[in-house]
Amino acid sequence: MNTTTLLVVMPILLLACLVLWRLGGKKASVSALHSPGGGPEGSNILEAVSDGVVILDTKGTISMINPAAGRLVGWEPKDAIGIDHALVFKLCDQKGNPYPPADDPFSQLLKDGKPHRDNNASVIAKGSEKRVMLSMTVSPLFRHGELSGAVGILRDVSEERAAERQRAEFISTASHEMRTPVAAIEGYLALALNEKVSKIDAKARGYLDKAHESTQHLGSLFQDLLNSAKAEDGRLINHPEVVEMGQFLGKLSEDLRFVAQKKNLIVEFVVGTSGANINASLEKGSIRVVQPLYNVYADPERLREVITNLFDNAVKYTEHGKISIGLTGDNNVVQIYVRDTGKGIPAVDIPHLFQKFYRVDNSDTRTIGGTGLGLFISRKIIELYNGRIWVESKPGEGSTFFINLPRLSRNQTSEYSGDSGNLVRTNNPTT
Ligand code: ADP
């Protein structure tokens with residue numbers, strides 16, 4: 001079943017749980033489940049469904065568990081009743097690490113009373129070492145306005161994950177293999193176009209120019225496919241280090257400026273909320289810039305990929321005006337943005353923009369080359385560093401892509417860099 005089906009089924013299950021819950025509370029629910037066919041209708045539903053359903057009281061003790069949930073955790077439902085959920089549900093997080101006690105989705109809900117969804121959790125059944133991949137939703141139960149417990153719905157998504165992995169592996173192998181001949185074709189076309197090497201007439205040059213462009217496009221498509229497959233299965237090369245974003249972006253905007261110059265677009269690098277503008281075209285050393293240190297812990301190559309992608313998009317989708325690369329933040333967050341004065345993005349497209357292969361359907365995207373993978377890869381990279389990426393846009397005025405990354409404190413900077421001397425300059429990193 002896919003996510004849409006999941007969204008339809010989950011409320012029905014929740015309703016069934018609530019029916020049970022209302023029908024005489026904990027004891028009625030439990031006994032109803034233990035007498036199949038004899039209990040209220042809700043219990044039959046919960047007996048029959050293939051999704052695991054579990055109800056906890058406010059202390060995190062299991063008060064109801066259906067057979068499907070029992071199978072997931074390797075417990076007989078009757079044995080699990082009255083036991084702390086953490087002893088029965090050995091849950092692991094996205095990276096496969098066991099959740100610290102009191103930090104799994106159930107415990108979080110019992111702390112904050114809010115629903116939690118984890119599509120990348122897994123569970124280890126009793127007496128087994130194998131992790132079963134889960135999609136789980138935990139919702140609060142209220143009685144007389146007070147939190148009275150939690151209901152969890154758990155779905156085994158191992159088969160879907162295996163299929164996704166196979167698909168990603170296929171894409172990865174295919175794009176890797178296809179890059180080699182494409183690179184060879186590109187190389188030979190470049191030789192044919194090189195006046196020092198080959199003699200060709202103007203007509204042939206025109207054809208070869210087009211072939212060269214298309215081959216470059218094909219090469220970047222394969223590269224994007226390869227990167228997206230890697231991003232999905234966690235194989236992106238990642239060597240995180242302390243990166244001071246001020247220096248990093250200053251240098252990067254210098255490099256990127258040339259791409260924008262071809263379209264006569266102005267590029268600026270803006271640091272800090274005070275609006276201290278540093279025009280990227282100014283000679284280095286001509287101004288003295290006092291700015292706070294915005295340190296993050298990430299692989300600079302991956303960050304370069306993300307910012308370059310946002311910048312290239314800004315150039316691609318802007319005809320006149322300016323592209324600003326900005327840096328700001330507070331004690332906890334470093335915020336980077338790339339703002340353009342281009343066409344903007346319609347509101348209906350914004351929620352889908354960071355999905356794989358999504359492209360806004362307009363005359364621009366039909367004529368401007370692209371794969372719809374850049375923003376997907378960017379999101380995956382930023383999430384790798386516990387960050388967030390999003391866009392705000394006004395059609396006709398332009399778009400701003402924001403990235404928030406956790407800001408390193410002075411202590412974290414020294415701890416992660418192992419040598420604070422290189423990085424901490426005169427300023428206070430948390431200002
Ligand atoms: P693409 O290779 O198509 O550029 P991306 O994933 O980088 O793929 O971007 C997805 C889509 O988002 C683009 O096709 C375009 O429609 C839209 N988009 C991205 N950046 C901008 C921008 N700065 N201005 C307008 N539209 C944008």
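Analyst: Start with contact: two residues are in contact if their C-beta atoms, placed from the backbone, lie within 7 Å. Helices (H or I, at least four residues) and strands (E, at least two) are DSSP runs, numbered from the N terminus. This is a predicted model: local features need pLDDT of at least 70, side-chain atom pairs count only at pLDDT 80 or more, and totals for chains, interfaces and linings use all residues. Residue numbers start from 1 along each chain, as its sequence is written.

User: How many helices and strands does the protein have?

Analyst: There are 14 helices and 14 strands.

User: Which residues of helix 9 and helix 13 meet?

Analyst: Helix 9 brings Asp224, Asn227, Ser228 and Ala231, and helix 13 brings Gly374, Phe376, Ile377, Lys380 and Ile381. By class, four are nonpolar, three polar and two charged. Here Ala, Val, Leu, Ile, Met, Phe, Trp, Tyr, Cys and Pro count as nonpolar, Asp, Glu, Lys and Arg as charged, and the others, Gly among them, as polar.

User: At what angle do the axes of helix 9 and helix 13 cross?

Analyst: At roughly 30°, and the axes come within 10 Å. The axes are lines fitted to C-alpha atoms, for helices over the stretch in contact, with angles from 0 to 180 degrees between N-to-C directions. The crossing of helix 9 and helix 13 is left-handed. That word applies if the near helix is turned anticlockwise from the far one by less than a right angle; clockwise gives right-handed.

User: Why are helix 8 and helix 9 called roughly antiparallel?

Analyst: The axes of helix 8 (residues 158-193) and helix 9 (residues 202-232) cross at roughly 155° and come within 8 Å. That angle makes helix 8 roughly antiparallel to helix 9. The scale is this: under 35 degrees is roughly parallel, over 145 roughly antiparallel, 65 to 115 roughly perpendicular, and the rest oblique. The crossing of helix 8 and helix 9 is left-handed. Their contact has 17 nonpolar, eight polar and six charged residues.

User: What makes up the contact between helix 11 and helix 13?

Analyst: First the geometry: the axes of helix 11 and helix 13 come within 10 Å and cross at roughly 145°. This crossing is left-handed. Helix 11 gives Arg302, Glu305, Val306, Asn309, Leu310 and Asn313, while helix 13 gives Gly374, Ser378, Ile381 and Ile382. The classes are four nonpolar, four polar and two charged.

User: Which residues are closest to the ligand?

Analyst: The closest are Arg359, Val360, Gly370, Gly374 and Leu375, out of 21 residues that surround the ligand. Helix 11 (300-316) and helix 13 (374-384) are the elements that give two or more residues to this shell. The shell has nine nonpolar, nine polar and three charged residues.

User: Why is Val53 called buried?

Analyst: Val53 has 25 C-beta neighbours inside 10 Å, so it counts as buried. The rule is 20 or more other C-beta atoms within 10 Å for buried, 12 or fewer for exposed, and partly exposed in between, with C-beta atoms placed from the backbone. Val53 sits in strand 1 (residues 52-56). Across the 431 residues of the protein, 32% count as buried.

User: Why is Met178 called partly exposed?

Analyst: Met178 has 16 other C-beta atoms within 10 Å, so it falls in between and is partly exposed. Met178 is in helix 8.

User: What makes Asn264 exposed?

Analyst: Asn264 has 9 other C-beta atoms within 10 Å, so it is exposed. Asn264 lies in the loop between helix 10 (245-261) and strand 8 (266-271). Its phi is near 60°, a positive value in a residue other than glycine.

User: Why does Phe357 count as exposed?

Analyst: Phe357 has 11 C-beta neighbours inside 10 Å, so it counts as exposed. Phe357 is in the loop between strand 12 (333-340) and helix 12 (363-367). Phe357 is not a glycine, yet its phi is positive, about 65°.

Methods:
A residue is near a molecule or strand if its C-beta atom, placed from the backbone, lies within 6 Å of it.
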